[in-house]
Amino acid sequence: MFIDSNIFLEVELAQEHGEASRKFLKMVQKGEVRAYTTDFHLDNVVTVMENYGKSWRDIAVFLASLLHYRGLTIYPLLIYDKIKATEIMKEEGLDFDDSLAAYVVKKLNLKVVVSYDSDFDGVSWLERKVPEDLVP
Amino acid sequence: MGSIKVNVSDDVEKRFRMLAMRLFGYGKGALSVAAEKAFSEWVARVSEVLEVVGFLDDPVDAIYGMLSHVKKSGVELQHEARKIRARKVEGECL
């Protein structure tokens, strides 16, 4: 499965979806679930953190925390991937961020994107799940 | 010389064996040479990074609530990131 930026953001927000997202990420961290994200989607989180005044140390802690995840693979996006993702923008009407996620789902044959973003719901070849669907 | 026994997925094992042998020959020791290089690179990269923040007791709890002062949803913030990037690009163009 693919983890979208908003799942990490929900953990940082610690609001309505914070607890479910936290439990889900712990499953990935322990290796109970195998998941992928991209450097681009992690950069989204950093961009938001910086915009809301978080320090270099908080950003470093977020990034370093990812090294501890047994079940997480960070897919490094290349320019070729980004160009291919624009085909999904055209075919599915998604924005660029979501198209990159959908592209990786397709390329790696993951089938599921974990996200609170309902924009994925119109894409017939992937299934969107939220952490509440996945945690016991 | 130390010895480490590890378990990896079938796919990684297959590709690792194939590449190690193609690079370092089909004789004895090719897998060890490739593994030593892989381990050394991982150790060097992780050691360097850990000098910045050290070890985290719980990597998920370490980030929990970092943005609790922000009263928006994760999806709203993710969409905001796109606008922030666009603003930065605009600023660079001016």
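Modeller: Ala14(A) is found in the loop that links α1 and α2 of chain A; helices (H or I, at least four residues) and strands (E, at least two) are DSSP runs, numbered from the N terminus. The model is a predicted one, in which local features need pLDDT of at least 70 and side-chain atom pairs count only at pLDDT 80 or more, whereas totals for chains, interfaces and linings use all residues. Residues are numbered from 1 along each chain as its sequence is written, while chains are lettered from A and ligands numbered from 1 in the order in which they are written.

The backbone of Ala14(A) deserves attention: its phi is positive, about 55 degrees, although the residue is not a glycine. Ala14(A) counts as partly exposed, because 17 C-beta neighbours lie inside 10 Å; a residue is buried if 20 or more other C-beta atoms, placed from the backbone, lie within 10 Å of its own, exposed if 12 or fewer, and partly exposed in between.

The other chain also reaches this loop. Gly65(B) touches Ala14(A) and Glu12(A), leaving aside residues up to four places away in sequence; contact requires C-beta atoms, placed from the backbone, to lie within 7 Å. Gly65(B) itself belongs to the loop between α2 (30-53) and α3 of chain B. Since 14 other C-beta atoms lie within 10 Å of Gly65(B), this residue is partly exposed. Eleven residues along the chain separate Gly65(B) from Glu76(B), and their C-alpha atoms are 17 Å apart.

These contacts can be set within the interface as a whole. Altogether, 35 residues of chain A are in contact with 25 residues of chain B. On chain A, the helices α1 (5-13), α2 (18-30), α3 (39-51) and α4 (56-65) each supply at least two residues to the side that touches chain B. The most comes from α1(A), which gives eight residues to that side. By class, the side of chain A that touches chain B consists of 16 nonpolar, ten polar and nine charged residues; here Ala, Val, Leu, Ile, Met, Phe, Trp, Tyr, Cys and Pro count as nonpolar, Asp, Glu, Lys and Arg as charged, and the others, Gly among them, as polar.

Helix α3(A) may be taken next. Its 13 residues reach 18 Å from the first C-alpha to the last, close to the 18 Å expected at 1.5 Å a residue, the expected span being 1.5 Å times one less than the number of residues. Buried residues of α3(A) include Phe40(A), His41(A), Asn44(A) and Val45(A), together with Thr47(A), Val48(A) and Met49(A). The cover over the buried residues of α3(A) includes α1, β2 (35-38), α4 and α6 of chain A, and also α3 (74-93) of chain B. Just after α3(A) comes Gly53(A), with a positive phi of about 80 degrees.

In chain B, Arg87(B) lies in helix α3. Arg87(B) is exposed, because 11 other C-beta atoms lie within 10 Å.

Lys111(A) is found in the loop between α6 and β4 (112-114). With 12 other C-beta atoms within 10 Å, Lys111(A) is exposed. Further, α5(A) is followed by Gly93(A), whose phi is positive, near 70 degrees.

The strand β4(A) includes residues 112-114, and Val113(A) and Val114(A) are among the residues with the most contacts inside the largest nonpolar core, which has 40 residues. Such a core is a set of buried Ala, Val, Leu, Ile, Met, Phe, Trp, Tyr and Cys residues joined through C-beta atoms within 7 Å. Helix α6 (residues 96-107) of chain A gives the most to this core, with six residues. Val113(A) touches, among others, Phe2(A), Ala101(A), Val105(A) and Phe120(A), not counting residues up to four places away in sequence.

Finally, chain A as a whole has seven helices and five strands. Of its 136 residues, 41% count as buried. Among contacts in chain A between residues at least 6 apart in sequence, 59% join residues at least 24 apart. Its C-alpha atoms fill a box of roughly 40 × 35 × 25 Å, taken along the principal axes.

Definitions and conventions. Contact = placed C-beta atoms within 7 Å.
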